[in-house]
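Please open the model in a viewer and keep the sequence alongside. The stops below are given in the order in which they may be selected.

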Amino acid sequence: MKIFNTMTRQKEKFVPITPGEVKMYVCGPTVYDFFHIGNARTFVIFDTVRRYLEYKGYKVSYIQNFTDIDDKLIKRANEEGTTLKELGERFIGEYYKDADALHIERATCNPRATEFVQEIIRFISDLIERGYAYEVDGDVYFNTKSFKGYGKLSGQNLEDLQSGARIGVDERKKDPMDFALWKNKKPGEPAWESPWGEGRPGWHIECSCMSSKLLGETIDIHAGGMDLVFPHHENEIAQSEARSGKKFANYWMHSAYLNINNKKMSKSLKNFFTTREILEEYDAEVVRMFLLSAQYRTPLNFTKELLNSAKLSMERLYNSISNLESLYDEVKNEKVTDEESKYIKIIDEYKEKFESRMDDDFNTADAISVIFELIKDVNINMNINSSKELIRYALDTIRNLGRPLGILQKTTKKTIEDEVEELIQKRQEARKNKDFKLADKIRDDLSARGIVLEDTKAGVRWKYK
Ligand code: AMP
Ligand code: ZN
């Protein structure tokens with residue numbers, strides 16, 4: 001399996017620290033609002049990476065944090081006359097609603113910055129002690145010059161970065177690139193006691209702290225959207241490696257943006273759709289299909305046309321699955337014949353092809369094409385003379401390939417309730433059209449299944465005899 005590592009700008013063979021296990025950290029949302037469908041792209045991508053690693057048999061420890069201390073949260077809490085804690089709680093709740101609806105698997109743990117303040121204070125104290133950080137007027141800064149590898153992830157050297165950062169530099173900093181680890185309390189802001197007075201942690205330090213605390217000083221994969229390469233991940237590396245003297249993460253993965261009219265979808269540009277809005281209109285599997293229709297390092301443009309075409313694709317896939325399931329019910333032969341065993345090998349070849357696409361840096365776009373090819377082949381080759389065993393094998397393979405992508409997991413069978421309601425509806429129409437023969441037949445058919453209908457003032461009710 002190969003992963004493109006932002007650090008080396010190459011696809012590298014994936015070798016986990018502990019065989020059979022993966023320690024993965026994904027930078028999560030700042031919980032001051034609903035998340036938009038651009039954020040959802042990143043969340044769905046790394047959920048898919050995790051699902052595929054699990055499909056391959058790895059045990060994955062998957063950490064995704066909630067940033068619940070930050071300027072945007074403080075501003076909104078003040079505007080709404082509520083506390084940081086209440087606001088954070090509320091949008092964490094909303095995050096789970098949307099993420100669950102999108103079939104994003106729950107993380108092993110979703111740590112919150114506010115729960116790690118004491119750990120963060122310890123982390124910062126270690127950095128000061130080791131000469132990597134300094135205090136000025138109740139703020140603590142990381143001294144970027146003291147960390148030799150600063151700039152290695154984003155491929156920039158400190159001189160270039162410094163010259164780009166001259167304007168509006170805080171005079172109290174030793175170097176323009178130094179960044180805040182701890183921020184002194186300002187009026188109206190929530191604050192925690194610390195050796196440097198009351199204040200709150202900076203943003204970057206929370207991830208360094210949670211990652212090392214929950215997964216260890218060196219982890220396998222650290223991930224997030226492209227916009228996090230610099231400065232967020234660069235700063236995480238500096239803090240973490242300065243403290244531990246060890247490599248922070250072996251693989252750095254970054255997802256490309258979901259754009260709208262070729263601009264990054266973002267809150268600040270106000271060019272976004274919330275995930276909730278989109279899920280009101282489209283099924284979760286359709287949304288996932290759309291979000292995974294491009295390889296994760298390729299930008300994807302958001303349009304309703306693309307969503308509609310993902311919807312059609314899903315309908316085609318489910319139609320085929322539903323036809324195969326009906327065929328399974330109809331066919332008489334139970335066991336696979338010798339001839340059919342050869343066809344099972346062909347199905348397995350599609351499975352291998354799917355895996356080779358996913359093994360190549362999670363190329364979901366090509367992997368989805370392989371599912372289409374498989375379904376097309378199966379449709380042509382399976383008929384009323386096929387065995388149940390073969391049809392079941394094809395169906396199970398299709399569903400299993402959908403699993404890491406979080407698609408093709410819905411049942412196509414109608415529930416009994418749906419079916420009875422539909423028949424009642426049909427009977428009502430028949431009566432309206434004075435087709436009493438059909439109406440009676442529907443009632444008798446249901447009766448033969450042990451279901452009786454009662455005509456009440458409130459409409460037709462049904463129950464088991
Ligand atoms: P935020 O809540 O802004 O910290 O973002 C949460 C995650 O969504 C981060 O990993 C961001 O990089 C990612 N993200 C933000 N905007 C987009 C976008 N338009 N497309 C893809 N990922 C995004
Ligand atoms: Zn982070």
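Donors are N, O and S atoms within 2.8 Å of the metal (3.2 Å for Na, K and Ca); water is not among the atoms, so sites may look incomplete. This is a predicted model, in which local features need pLDDT of at least 70 and side-chain atom pairs count only at pLDDT 80 or more, while totals for chains, interfaces and linings use all residues. Residues are numbered from 1 along each chain as its sequence is written, chains are lettered from A and ligands numbered from 1 in the order in which they are written, and side-chain values use heavy atoms, without hydrogens and water.

**The zinc site**

Select the zinc ion (ligand 2): its protein donors are Cys27 (SG), Cys207 (SG), His232 (NE2) and Glu236 (OE), at 2.0 to 2.6 Å. Along the chain these donors have the spacing C-x179-C-x24-H-x3-E. Cys27 belongs to the loop between strand 3 and helix 1 and Glu236 to helix 7 (residues 229–244), so the pair ties together parts 209 residues apart in sequence. Helices (H or I, at least four residues) and strands (E, at least two) are DSSP runs, numbered from the N terminus. Cys27 is buried, with a relative accessible area of 7%, and Glu236 is buried at 0%; buried means under 20% relative accessible area (1.4 Å probe, protein chains only).

Next, display the open sheet of four strands, whose order is 4-3-9-10 with parallel pairing; two strands pair if DSSP finds at least two bridges between them. Strand 4 (59–64) and strand 10 (249–255) are at the edges with a single partner strand each, so one side of each has no neighbour in the sheet. Strand 9 (residues 219–225) and strand 10 run parallel and are joined by six bridges. To locate one of these partners, select Ile221 and Tyr251, the latter in strand 10. Helix 1 packs on the sheet, touching strand 3 (21–26), strand 4, strand 9 and strand 10; contact means heavy atoms within 4.5 Å.

**Helix 3**

Move to helix 3 (residues 84–101), which has 18 residues. Its buried residues include Leu84, Leu87, Phe91 and Tyr95. The buried residues of helix 3 pack against helix 1, strand 4, helix 2 (71–80) and helix 8 (275–281). Just after helix 3, select His103, where phi is positive at about 60 degrees.

**Helix 13**

Finish at helix 13 (residues 388–402), with 15 residues. Among its buried residues are Leu390, Ile391, Ala394 and Leu395. Which helices do the buried residues of helix 13 pack against? They are helix 1 (37–55), helix 10 (304–330), helix 11 (338–359) and helix 12 (364–381).

Methods:
Expected span 1.5 Å × (residues − 1). Buried < 20%, exposed > 50% of the residue type's maximum accessible area, 1.4 Å probe, protein only. Axes fitted to C-alpha atoms, helices over the stretch in contact; angles between N-to-C directions.
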